[in-house]
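Take a moment to look it over before reading on.

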Amino acid sequence: MIAHRRCGCSGVLLPEISLGLWHNFGDVDDPSEARNMIMHAFDQGITHFDLANNYGPPPGSAEKNFGTILRSDLLAHRDELFISTKAGHAMWPGPHGEWGSRKHVLASLDQSLQRLRLPYVDVFYSHRPDPHTPLEETMSALITAVQSGRALYVGLSKYPLTMLQEAVSILRASGVRPLLYQPPYSILNRWPEAEGIHAWLEQEGIGSIVFSPLAQGMLTPKYLNGIPAGSRAAREDGFLQESQVIAQQEKLRALSAVAETLGLPLHHMALRWALQQQGVTSLIVGARNVAQLDDNLAALQVPELPIEALQAIDRVAPAVRKEHAEG
Ligand SMILES: NC(=O)c1ccc[n+]([C@@H]2O[C@H](COP(=O)([O-])OP(=O)(O)OC[C@H]3O[C@@H](n4cnc5c(N)ncnc54)[C@H](OP(=O)(O)O)[C@@H]3O)[C@@H](O)[C@H]2O)c1
C-alpha cells in the first residue's frame, strides 16, 4: 500500500501520490479508461482525488464523470476517500463566472457538489489569487464553505507568499485553519522553493500538495527527441504547448543523463526528487491510462536520491524565483 504523510500539523494523512483529474477525465476522453484509472488508483491505495470546477473538457465534465463513478462503484468507500475541488478559474459566462468574489466561489461550490453528487467535499480551494477582489471577501466564502458544512477543510492554490500569509491569517482569525497549499512544483519549476513558500508552510504546519510534478509529462522520456503523437503537447485540447517542450529539451536531455547515472528513467527520478523536497506532503500526478499510473507508482520504490544526484540536478535546473522561471 502507498505510504501516507501527515498534512502539516493536522489530523489528515495524504498518500505520497494523489491522482488529479485535470486532463483525461472529461467528456472528450474514453470513459472506460477513466473509470479503470480511478478504480485502479483506489485499489493501489490512492485515497486522494483532486478535482476543480473547470476540469474537463468541457468544464465541469470531470466532476460529473467522477460523481458517476463514485455513485456506481465507490460510495461505500466515501469515508476512505479524500476529495477536493476548487473555484476561481473561468467557469460560466458573465461577471460572476470566475475569480474570487463571494458570489462566484459559493455558487461554484454548489454547482460542484451537484455534479459530484456529494453533500460536502473534503477540501475546497481558492484556485487562484484574484488581484481585484479583497482577500477578506474570497476568504469569507471559504469560511462559509466550512461553516455551512459544504467543505471539511480549505486550501489555497498558486497564491504568492505575501498574499498567502495574509489569507492564512484571515482564515485563522475566523477559526478556520487552512489545510493545504497547492502550487506547481517540479525539477523544472521550483519557484515555491526559491521564494521560501515551502519553508514557510512547514514552519506554519500547513501541508503542500504539489501539482504537475512531471511538468505535464515533460519529465518523462517521451519528449527527449520530439513530440510524440497522442501526447499532451500534441493534443489540441492539451494545456502543454509544443513551444514549451522545445524550450526545455536541452535541459530534459541533461536531466535524463543524470537519471541514467542512477539507473532510473527520468520520471522516476523526477517523482522521487519532488517527494524528498522540504515541505512536500503529496504529489498530484496526472495519467492518461492505468499503465502510466502504475509506472508512476513504481517511483515510490526508488530509494532517496543521493546528494551527488541532487547537486547534479541543481546544476541543470536550479531553483529560481517565478519571474526568472522559463516554463
Ligand atoms: N491548482 C492548479 O491550478 C492546478 C493546475 C494544474 C494541475 N493541477 C492538478 O494536478 C494534477 C496533475 O497535473 P498534470 O496532469 O499536469 O501532472 P503531471 O503528472 O506532471 O503530468 C501528467 C501527464 O504526463 C504524462 N505522463 C504521466 N505519467 C507518465 C508516464 N509514466 N509515462 C509517460 N507519460 C506520462 C501524461 O500525459 P500524456 O497525455 O502526454 O501521456 C499525463 O497526463 C491535475 O490533474 C490537477 O489535479 C492543479
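At what angle do helix H1 and helix H10 pack, and how far apart are their axes? In this predicted model, helix H1 (residues 31-44) and helix H10 (residues 290-298) pack at an angle of about 25°, and their axes are 9 Å apart. Because angles under 35 degrees count as roughly parallel, H1 is roughly parallel to H10. The crossing in which H1 passes H10 is right-handed.

Now for the residues that make this contact. On the H1 side they are Asn-36, Met-37, His-40, Ala-41 and Gln-44, and they meet Val-290, Leu-293 and Leu-297 in H10.

Let's step back to the whole protein. Its secondary structure comes to eleven helices and ten strands. The radius of gyration is 19 Å, close to the 20 Å that the globule rule gives for 327 residues, so the protein is as compact as a globular protein of that length.

A few overall values are handy to keep side by side:

| Property of the protein | Value |
|---|---|
| Span of the C-alpha trace along its principal axes | about 55 × 45 × 40 Å |
| Residues that count as buried, of 327 | 45% |
| Contacts joining residues at least 24 apart, among contacts between residues at least 6 apart in sequence | 77% |

Conventions: Residues numbered from 1 in each chain as written. Predicted model: local features only at pLDDT ≥ 70, side-chain atom pairs only at ≥ 80, totals over all residues. Axes fitted to C-alpha atoms, helices over the stretch in contact; angles between N-to-C directions. Helix = DSSP H or I, 4+ residues; strand = E, 2+ residues; numbered from the N terminus. Parallel < 35°, antiparallel > 145°, perpendicular 65-115°, else oblique. Left-handed = near helix turned anticlockwise from the far one by under 90°. Contact = placed C-beta atoms within 7 Å. Rg over C-alpha atoms; globule rule 2.2 N^0.38 Å. Buried ≥ 20, exposed ≤ 12 C-beta atoms within 10 Å, placed from the backbone.
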